[in-house]
Amino acid sequence: MSGLLTALMIGVLSTPGRAEVAQEASEPAKRPNILFILADDQSPFDLKVYNPNSILDTPNLDRLASEGVVLDGAYQMGSWSGAVCTPSRHMIMSGRTVWHLPGSTPKAKDKAARPNEAELIPKNLADQTLAAVFNRAGYDTMRTCKRGNSYKAANQKFTVVHEAVKRGPTDETGSAWHADRVLDYLQQREVDEDRDPFLIYFGFSHPHDTRDGKSHLNEKYGAVNHTDRNSLPPANDKQPQLPVNYLPEHPFPHGHPNLRDEVAVSGVWKRRDERTIRNEIGREFACSENIDIQIGRVLEKLEQLGELNNTYIVYTADHGMAIGRHGLQGKQNLYQHTWRVPFIAKGPGIPAGTRAIGNTYLLDTLATLCDLAGVETPATNEGISFRKVLQGQQSTIRDTLFGVYCGGTKPGMRCVKKGDWKLVKFDVLNGKVRKTQLFNLKENPHEFLTQHHDENLSDELGISPTADQRNLADDPRFAEKRAELEALLLSEMVRLDDPYRLWDQP
């Protein structure tokens with residue numbers, strides 16, 4: 001009898017069963033890691049996941065998309081500076097709206113009264129930003145990114161910080177430098193047997209100009225790192241085609257005279273001819289593919305460490321980019337190619353191979369990452385968590401989207417979008433340019449203008465715009481829709497404490 005009892009006891013102790021299950025159930029769930037990846041200047045339409053006709057190869061981003069979710073309606077709210085990066089990165093870090101950020105208060109001239117202006121920017125806001133919040137929650141925080149045009153006080157809250165502008169054509173001078181910093185950090189965690197959850201802010205300096213691509217990637221896209229202002233870059237059949245909404249010039253002055261991005265980018269300058277634009281896009285694609293390669297190195301390391309499946313991975317950009325679209329070069333506009341941003345996310349609870357609209361802003365990042373990690377969102381946050389969108393439980397988090405650019409002449413540009421309809425207004429150059437645009441984005445996703453209907457240009461681009469694929473603002477059929485959006489725009493400007501008013505607003 002005693003032998004049988006002994007055997008039974010041995011069986012209980014040696015067989016994984018209720019005792020072990022109970023022990024495992026009592027252990028707290030491992031908190032998720034976060035890898036937040038930020039490109040510097042990238043239109044979503046560069047990527048195959050948004051534009052199947054793109055020749056840009058990004059297999060690692062494609063993999064993230066196939067294993068996670070792609071947002072088709074992610075936006076950055078806008079800018080009060082020609083350096084659009086600056087307010088965008090402030091919004092990412094703080095979760096604050098565009099006019100509630102440090103540096104956003106304009107000079108008194110031409111602005112509307114803001115009776116609560118002193119209360120718009122909380123004191124000690126940096127203590128309520130991304131890294132500070134996650135530090136207090138017990139996360140290890142690390143950042144690598146470009147230096148400058150950012151939120152310095154918030155950046156310094158990361159426990160480990162590496163900052164350098166790396167836009168060169170080699171591993172040491174380009175994007176590999178940022179990846180190496182992340183890999184060094186992960187390697188040190190492995191050596192130290194660090195089991196704390198981590199938040200890594202993995203920022204790149206490319207594909208922002210100067211777009212000096214690595215030589216073999218330039219060759220792949222038929223591009224050269226062009227530096228001679230007095231000559232055109234060579235034509236090459238390998239180069240990406242012109243964007244579908246390319247124009248040789250914008251139809252009217254966009255309101256920021258002598259803007260660096262429009263007149264002084266090395267390799268482009270003021271030129272908008274086909275050879276220049278195609279070469280520049282080729283350079284951009286070379287830089288973007290290199291970013292994808294570096295992301296792949298980090299993903300491989302996370303997989304090796306056994307951390308990949310417990311890590312939320314986000315890929316986005318601080319704003320979009322024109323590079324020939326609508327005759328523009330920079331990011332200082334509110335067309336979809338520039339106002340929108342790419343957004344791909346993968347992680348626990350996110351269904352694979354899905355898409356959602358979202359209607360998100362980059363300023364929603366803080367609330368969303370806190371929600372995913374179970375971290376309390378600071379009271380200063382104004383963003384909305386879109387965790388449920390990422391996890392397939394809802395398609396959008398808001399109905400209306402607002403955009404602003406007034407880094408040039410004031411009041412500048414404003415836009416509002418609701419459903420398929422988008423209104424854009426220009427009030428620039430001291431009243432010399434006052435324009436209104438109205439687009440139905442379902443019917444006219446590329447925001448074609450009258451100029452795109454020119455036969456020579458449309459033949460060159462291989463497009464055949466329909467009659468309503470143009471600016472509909474002055475079409476009497478859509479007067480009621482225009483009035484609706486005009487009222488909505490003013491309402492958003494008031495709600496968000498916009499300090500300016502346009503020429504036709506009360």
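Reader: What makes Lys214 count as buried or exposed?

Author: Buried means under 20% relative accessible area, exposed means over 50%, and partly exposed is in between, using a 1.4 Å probe and protein chains only. Lys214 has a relative accessible area of 18%, so Lys214 is called buried. Before we go on: this is a predicted model, where local features need pLDDT of at least 70, side-chain atom pairs count only at pLDDT 80 or more, and totals for chains, interfaces and linings use all residues. Residues are numbered from 1 along each chain as its sequence is written, and side-chain values use heavy atoms, with hydrogens and water left out.

Reader: What is the relative accessible area of Thr360, and why is Thr360 called buried?

Author: Thr360 comes out at 1%, so the word is buried here too. You'll find Thr360 in strand S9, residues 354-361. Strands (E, at least two residues) and helices (H or I, at least four) are DSSP runs, numbered from the N terminus. Lys214, for its part, sits in the loop between strand S6 (198-207) and helix H8 (215-220).

Reader: Which residues does Lys214 touch, leaving out those up to four places away in sequence?

Author: Contact means heavy atoms within 4.5 Å. By that rule Lys214 touches Pro169, Asp171 and Asn290. With the sequence neighbours within four places left out, Thr360 has contacts including Leu71, Tyr75, Phe386 and Leu401.

Reader: What makes something a nonpolar core, and how many residues are in the largest one?

Author: A nonpolar core is a set of buried Ala, Val, Leu, Ile, Met, Phe, Trp, Tyr and Cys residues joined through side-chain atoms within 4.5 Å. The largest has 131 residues, and Phe134 and Phe202 have the most contacts inside it. Helix H10 (residues 274-304) gives the most to this core, with nine residues. Beyond four places in sequence, the contacts of Phe134 include Ile34, Leu199 and Val375.

Reader: How does the lining of the largest cavity divide by class?

Author: Ala, Val, Leu, Ile, Met, Phe, Trp, Tyr, Cys and Pro count as nonpolar, Asp, Glu, Lys and Arg as charged, and the others, Gly among them, as polar. That gives seven nonpolar, two polar and no charged residues. In the second largest cavity the lining has two nonpolar, six polar and two charged.

Reader: How do you know where the predictor's confidence is under 50?

Author: pLDDT is that confidence for each residue, from 0 to 100. Over residues 1-26 pLDDT stays under 50, and the model has zero contacts there beyond four places in sequence. The mean for the chain is 94, and 94% of its residues reach 70 or more.
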